[in-house]
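Please look over the sequence and the 3D structure below. A short report on the packing follows.

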Amino acid sequence: MTADNAVERRKDRLARLKELAQERVDFRFKGLPPQAGGLTVAELAERRLNLFTDGFTTPVLALSAERLEHNLALMETYATRHGLAFAPHGKTSMAPQLFRRQIEHGAWGITLAVPHQVRVAREFGTDRIFLANELVDAAALRWLAAELDADEEFRFICYVDSVRGVELMDAALREAGASRAVDVVVELGAGEGARTGARTEAECAAVADAVAAASTLRLVGVAGYEGEVPEADGERVRAWLRRLVALAGGFDADGRFAGLDEIVVSAGGSAWFDAVADVFAEVPELSSPVLKLLRSGAYVSHDDGHYRHLTPFNRVPEEGALHPAFRLWAQIVSHPAPGQAFTNAGKRDAAYDLDLPEAQVVRDARTGEIRDAAGVSVTGLSDQHGWLRLDAGVELQVGDWLGMGLSHPCTSFDKWQLIPVVEADGTVVDYVRTFF
């Protein structure tokens, strides 16, 4: 493909983001006003409907406009302050609009986990992708080879953690006639019983040797995921991160990174990025500049459960605080007995893999008044019902709306195809499209 064609192709893909606003609203998108059917997303957004009074149906997931912007800006500032490049994990939202906003807020690129996610990001113009996973699927590698050959500006990096994996990649890429080598980083496992990654430095060296022997691959660094360190605490996580940094230094001393413009050292989930910042600040001078790549993803919406407790900002409050941006609104549809009520939101609507939703506020169906949900607890979820326990004296009526905080962003986004972005007064100003 010529340079001119590649430029036009890139422009077309970025234009796809704008085309999302021209998608017609219909039955596919739960929670939206029935009367919105037939409007484009842009037309619906221009109407600036109110989430509570303009026909949205429950359950409906809302993303706070103000908190979303706060989180994007906070992590941009954090990465800059600590000299980190940032490739937030896109598996969290699988929302190209949010990918673009993350890049506009200084992200180097987007991290992803599987080939389908890479295809989504590429379809909407993402030029730098870090695949935090091994890639040995021949069909996906053929697609990747064609994608790299068609666009010299496309930067792609993925894990390798075994000689066998390197051999499979090399065979598939040679069969595809790849003209550009695929950049890879050797993944150091976080310990025995952890997830993927070569377990020892010797195994890492063997994988690096296999990469060096494969003309279709180029070794550009090392990486891993500190969140898998067994019995993780600050000391154990930092010890593993220092192993990762030492691995990069050893590879460099052996000449494995000769000829590179930069050496990649990457880690960083959403629970220990303070440790990553601390240890990556200790990376010694290597033969080429080091791209210290952080990959935390849950920050974009944060949450009211798992990450509220785990976020590193609890340990470094002087650095700021993320704000939970999701609220799931459901309606009380049954109050069959004292102390017991049911909403119309269940497992199909709310994340439940880590923690149950948290009852936060009640919107009175008669007055529209919003009050604290003290004394209301979510005790379980059926497919389409939420089980509530009410303390003695708590008033809750059929028809009231219950606003709930959610735990685990990754399994909140994936239940909603089109998510209203809502200002504090209830005005819906945008809609985020997801692709799971």
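## Phe 156 and the cores

Leaving out neighbours within four places in sequence, Phe 156 is in contact (heavy atoms within 4.5 Å) with Val 118, Ile 129, Leu 131, Leu 135, Leu 144, Leu 148, Val 182 and Asp 183. The model is predicted: local features need pLDDT of at least 70, side-chain atom pairs count only at pLDDT 80 or more, and totals for chains, interfaces and linings use all residues. Residues are numbered from 1 along each chain as its sequence is written, and side-chain values use heavy atoms, with hydrogens and water left out.

Phe 156 also belongs to the largest nonpolar core, which has 123 residues. Phe 130, Phe 156, Val 182 and Phe 280 have the most contacts inside this core. Helix H9 (residues 234-253) gives the most to the core, with 8 residues. A second, separate core has 21 residues, including Phe 29, Leu 32, Phe 52 and Val 361. A nonpolar core is a set of buried Ala, Val, Leu, Ile, Met, Phe, Trp, Tyr and Cys residues joined through side-chain atoms within 4.5 Å. Buried means under 20% relative accessible area, exposed over 50%, and partly exposed in between (1.4 Å probe, protein chains only).

## Helix H5

Helix H5 covers residues 115-123. Helices (H or I, at least four residues) and strands (E, at least two) are DSSP runs, numbered from the N terminus. The buried residues of H5 are Gln 117, Val 118, Val 120, Ala 121 and Arg 122. Just after H5 comes Gly 125, with a positive phi of about 90°.

## Two helix pairs

H8 and H9 pack at an angle of about 45°, with their axes 11 Å apart. That makes H8 oblique to H9. Axes are lines fitted to C-alpha atoms, for helices over the stretch in contact, and angles run from 0 to 180 degrees between N-to-C directions. Angles under 35 degrees count as roughly parallel, over 145 as roughly antiparallel, 65 to 115 as roughly perpendicular and the rest as oblique. From H8, Glu 201, Cys 204, Ala 205 and Ala 208 meet Arg 243, Leu 247 and Phe 251 of H9. By class, this contact has 5 nonpolar, no polar and 2 charged residues. Here Ala, Val, Leu, Ile, Met, Phe, Trp, Tyr, Cys and Pro count as nonpolar, Asp, Glu, Lys and Arg as charged, and the others, Gly among them, as polar.

Helix H3 (residues 65-81) and helix H4 (residues 96-104) also pack at about 45°, with axes 9 Å apart. H3 and H4 are therefore oblique to each other. Leu 68, Glu 69 and Leu 72 of H3 meet Leu 98, Arg 101 and Gln 102 of H4. That contact has 3 nonpolar, 1 polar and 2 charged residues.

## Leu 63, a buried strand residue

Leu 63 sits in strand E1 (residues 60-64). Its relative accessible area is 1%, so Leu 63 is buried. The C-alpha atoms of Leu 63 and Arg 327 are separated by 6.6 Å, though the two are 264 residues apart along the chain. Beyond four places in sequence, Leu 63 touches residues including Leu 68, Ser 301, Phe 326 and Val 432.

## Two loop residues

His 302 lies in the loop between strand E9 (290-294) and helix H11 (306-310). At 5% relative accessibility, His 302 counts as buried. Among the residues that His 302 touches are Asn 71, Tyr 307, His 323 and Pro 409.

Thr 196 is in the loop between strand E6 (182-187) and helix H8 (201-212). With a relative accessible area of 31%, Thr 196 is partly exposed. Beyond four places in sequence, Thr 196 touches Glu 134, Asp 161, Glu 187 and Gly 189.
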